[in-house]
Amino acid sequence: MVNLTAPLRIGYVLYPAFQALDVFGPLDVLNLVSMTHNMTLSLVSNNMEPVSAGRTVIDGVPGGIMADSSSPNFTQFVVPTHTFETAPAFDAIIVPGGPGTRNINATQPVVDWLSGRFDDPELEYMMTVCTGASLLARTGKIAGRNATTNKAAFNWVKSVEHADEVNWIAKARWVVDGNVWTSSGVSAGTDMALGWIEHLYGRDESERIRILMEWVALNQTDDPFAALYGLA
C-alpha cells in the first residue's frame, strides 16, 4: 500500500500520437489533488524531444496513421521530464492510448520499459487509459488478468501480441485487478482517475475534486459504449 505520508510518485508515459484527453483528463484530477496532497509528477518518453499529441510529428514532419488526415500538423507538444533510462522509481505509472499505439515498432521501447517496470517492488499501481492497454498487454505481464480498453478499438487491442492471454471485459468503464487499473476509451480515464483518488483518499475527496471540475462521472460498471459497438 502506498505510504500516504510520503510523496506519491507518479510517472506518465508519453509517445508520439498519444490521445490528449488520455493524459490531460487524469492530470487535471491530479493537478487539483496535488494542491492538498504531496505528489511528484514525471513525464517519461523515449527521449527528451517534445512529444506530439494526436498525431505523429517529428522534426516538423508528420507521419503515422494520421499523416494523410486533413490536418496532419494539427497537434500540441508536451515536453518530457525524463527518458526511459533516467526515470526515477514510481508508485504509479499511467499509460495513455491514442493513434500512436497502432505503430507497433515505434512503441516497442514503451513496451520494453513497461515490462521492466511492472515487477519493480516499489511500483504499487500500473494504470492504462484507452488503447494504452494494448501496450501493457504486449508485455505479457497481465496474462490472466481482467482488463478493459476503448470499445471502438476493442477488437484491435485484442489482436496484439499476448492480448489473447488477457481476460478482456467488454462492459466496464474501468477495471481493477490487483495493482492493474485499466479504463475504457478517452474520457473514461478521468473517471478512473477519480475512482483511484477515492481508493487512495476516500469518497469525500474524490467528490470534492469532481465538483471542482464540474465533471459528470460514470461509475465503474456504467458503460454505455459497449452496446453501441455491439460488445455487450
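Predicted model: local features only at pLDDT ≥ 70, side-chain atom pairs only at ≥ 80, totals over all residues.
Residues are numbered from 1 along each chain as its sequence is written. Local features need pLDDT of at least 70 and side-chain atom pairs pLDDT 80 or more, while totals for chains, interfaces and linings use all residues; side-chain values use heavy atoms, without hydrogens and water.

**Exercise 1.** State how many salt bridges the structure holds, and which residues are linked with Glu-198 in a network.

*Solution.* 
- Step 1. A salt bridge is a side-chain nitrogen of Lys or Arg within 4 Å of a carboxyl oxygen of Asp or Glu.
- Step 2. The structure holds nine of these.
- Step 3. Glu-198 pairs with Arg-203, with the closest N and O atoms 3.3 Å apart.
- Step 4. Arg-203 also pairs with Glu-207, where the closest N and O atoms are 3.9 Å apart.
- Step 5. The network links Glu-198 with Arg-203, Glu-207 and Arg-210.

**Exercise 2.** Find how Arg-203 and Glu-207 are placed in helix H6.

*Solution.* 
- Step 1. Helices are DSSP runs (H or I, at least four residues), numbered from the N terminus.
- Step 2. Helix H6 covers residues 203–213.
- Step 3. Arg-203 and Glu-207 are four residues apart in this helix, so about one helical turn separates them.

**Exercise 3.** Decide whether Glu-205 and its salt-bridge partner Arg-208 are buried or partly exposed.

*Solution.* 
- Step 1. Buried means under 20% relative accessible area, exposed over 50%, and partly exposed in between (1.4 Å probe, protein chains only).
- Step 2. The N to O distance in the Glu-205 and Arg-208 salt bridge is 2.8 Å.
- Step 3. Glu-205 has 12% relative accessibility, so Glu-205 is buried.
- Step 4. Arg-208 has a relative accessible area of 31%, so Arg-208 is partly exposed.

Technical notes: Helix = DSSP H or I, 4+ residues; strand = E, 2+ residues; numbered from the N terminus.
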